[in-house]
Amino acid sequence: MSDRIKAPRGTFDVLPDQAQARAEIEASAKAVLERAGYQRIETPTFEETALFARGVGASTDVVQKEMYTFNEEGGESFTLRPEGTAPVCRAYLEHGMHKLPQPVRLWYLSTFFRRERPQHGRYRQFWQVGAEAIGSDDPAVDAESILLLAEILEAARTRELRLRISSLGTPDTRASYRAELQRYLRAHEGRLSQEVRDRIDLNPLRAFDADHPGTREVMRGAPLLLDRLRPEDREHFDTVLALLEGAGLAYEVDPALVRGLDYYTRTVFEFTSDALGAQSGVGGGGRYDGLMEQIGGAATPGMGWASGIERILLASPERAAAAPPLDLFVAYASPALKEQAFRLAADARRAGHAARVELGGRSLKGQLKQADRAGARFVAILGDEGTALKDMESGEQRDVETNTVMHHIRR
Ligand code: AMP
């Protein structure tokens with residue numbers, strides 16, 4: 001025998017007993033988002049690499065080391081989507097959605113791909129539900145978007161949920177703050193981890209993420225972007241906070257909140273669950289007012305988030321997988337009756353019933369046991385002398401004409 005082939009590292013199969021729990025979360029997310037006017041969008045699984053290089057940002061971990069990129073003949077480079085915002089923005093531009101009433105509210109539920117070190121809650125292919133509201137810079141858009149994710153996570157009964165929020169201001173503020181932070185980090189270089197030191201030029205903000213004790217110590221005294229915001233950005237942020245407060249959603253302002261993607265401006269936020277351990281991020285996002293220009297469009301504000309379905313599942317109580325209802329199980333006593341039984345089950349399904357016929361070659365006794373195990377409401381038993389219909393709830397069994405079975409189960 002040759003070696004057994006397994007699923008690639010960092011990927012997983014969604015097995016039937018998990019599919020149901022996922023379907024519940026997906027249905028609830030869809031309901032919450034569509035009630036708020038979000039409409040579904042699905043973009044291709046792969047895009048031109050430039051979309052992510054320019055959209056997500058060349059200095060991010062995602063672009064630097066996590067993308068699955070492949071080249072086509074002729075030199076075109078494509079990448080399996082590592083995130084959903086840049087593709088949705090591309091679609092917004094490509095389909096002239098600026099002509100629609102703004103903001104355009106879109107949601108998606110798709111698989112994403114990142115070449116990360118696989119661990120509990122961190123995979124190389126994972127599912128995200130995401131929402132984007134494009135075309136308005138009203139702080140109420142930010143607050144509404146955050147509230148919707150809160151509603152989805154609460155509906156899933158996500159445990160030990162915390163919301164952290166901050167503002168990144170505008171690219172200008174960020175650039176001068178970045179230079180200030182770089183000066184500060186260089187002044188304390190000796191106490192920083194090698195990794196942080198290597199990234200002072202490329203991504204100094206990541207120093208706030210570090211676990212290294214010396215670095216953490218240094219970062220406690222670091223200047224904060226929140227203290228450098230322009231008055232209008234500060235006002236935007238304060239309005240978002242006031243709206244969240246008014247809606248009764250608890251949050252913590254976290255001035256060191258860093259998101260892994262470069263496109264964020266102003267509001268950024270993250271929901272974490274302390275029930276998750278190291279990979280505590282359940283969902284997050286923010287405003288990306290500069291992203292459209294990065295990918296070749298006119299300046300258009302946007303706000304959105306993404307939340308990992310696997311993280312939601314891991315952070316919420318396990319759902320008991322209920323067997324799907326079965327209205328009718330058709331059993332038959334001898335092989336000669338199989339065709340008739342097969343037809344009866346097919347007719348029942350066409351009439352809208354959940355119906356199954358024996359396909360495993362079991363004896364009649366085995367079939368009846370199977371019907372019981374599957375939780376069948378009725379069992380039709382086709383025998384050489386005629387057909388019997390058993391009501392599994394009352395245990396009552398009576399002889400019926402085969403062509404009246406459907407009539408009986410409908411009652
Ligand atoms: P991000 O696009 O990095 O902001 O991620 C948004 C959300 O997607 C996170 O909060 C996680 O819930 C989920 N997520 C991100 N990366 C992964 C991954 N590699 N495996 C599983 N879930 C992920």
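Which charged end sits over the ring of F378? The charged end of R377 does, 4.7 Å from the ring centre. A charge sits over a ring if NZ of Lys or CZ of Arg is within 6 Å of the ring centre and within 35 degrees of the ring normal. R40 lies over the face of W107 in this way, at 4.9 Å from the ring centre.

This is a predicted model: local features need pLDDT of at least 70, side-chain atom pairs count only at pLDDT 80 or more, and totals for chains, interfaces and linings use all residues. Residues are numbered from 1 along each chain as its sequence is written, and side-chain values use heavy atoms, without hydrogens and water.

Now the ring pairs. The structure holds nine aromatic pairs. Rings of Phe, Tyr and Trp (its six-membered ring) pair if their centres lie within 6.5 Å; planes under 30 degrees apart count as stacked, over 60 as edge-to-face and the rest as tilted. The centres of F46 and F78 are 5.5 Å apart and their planes stand at 75°, so this pair is edge-to-face. F46 belongs to strand β2 (residues 46–48) and F78 to strand β4 (residues 77–80), 32 residues apart. Strands are DSSP runs of E, at least two residues, and helices are runs of H or I, at least four, numbered from the N terminus.

F46 is partly exposed at 39% relative accessibility, whereas F78 is buried at 14%. Buried means under 20% relative accessible area, exposed over 50%, partly exposed in between (1.4 Å probe, protein chains only). F46, F70 and F78 form one aromatic cluster.
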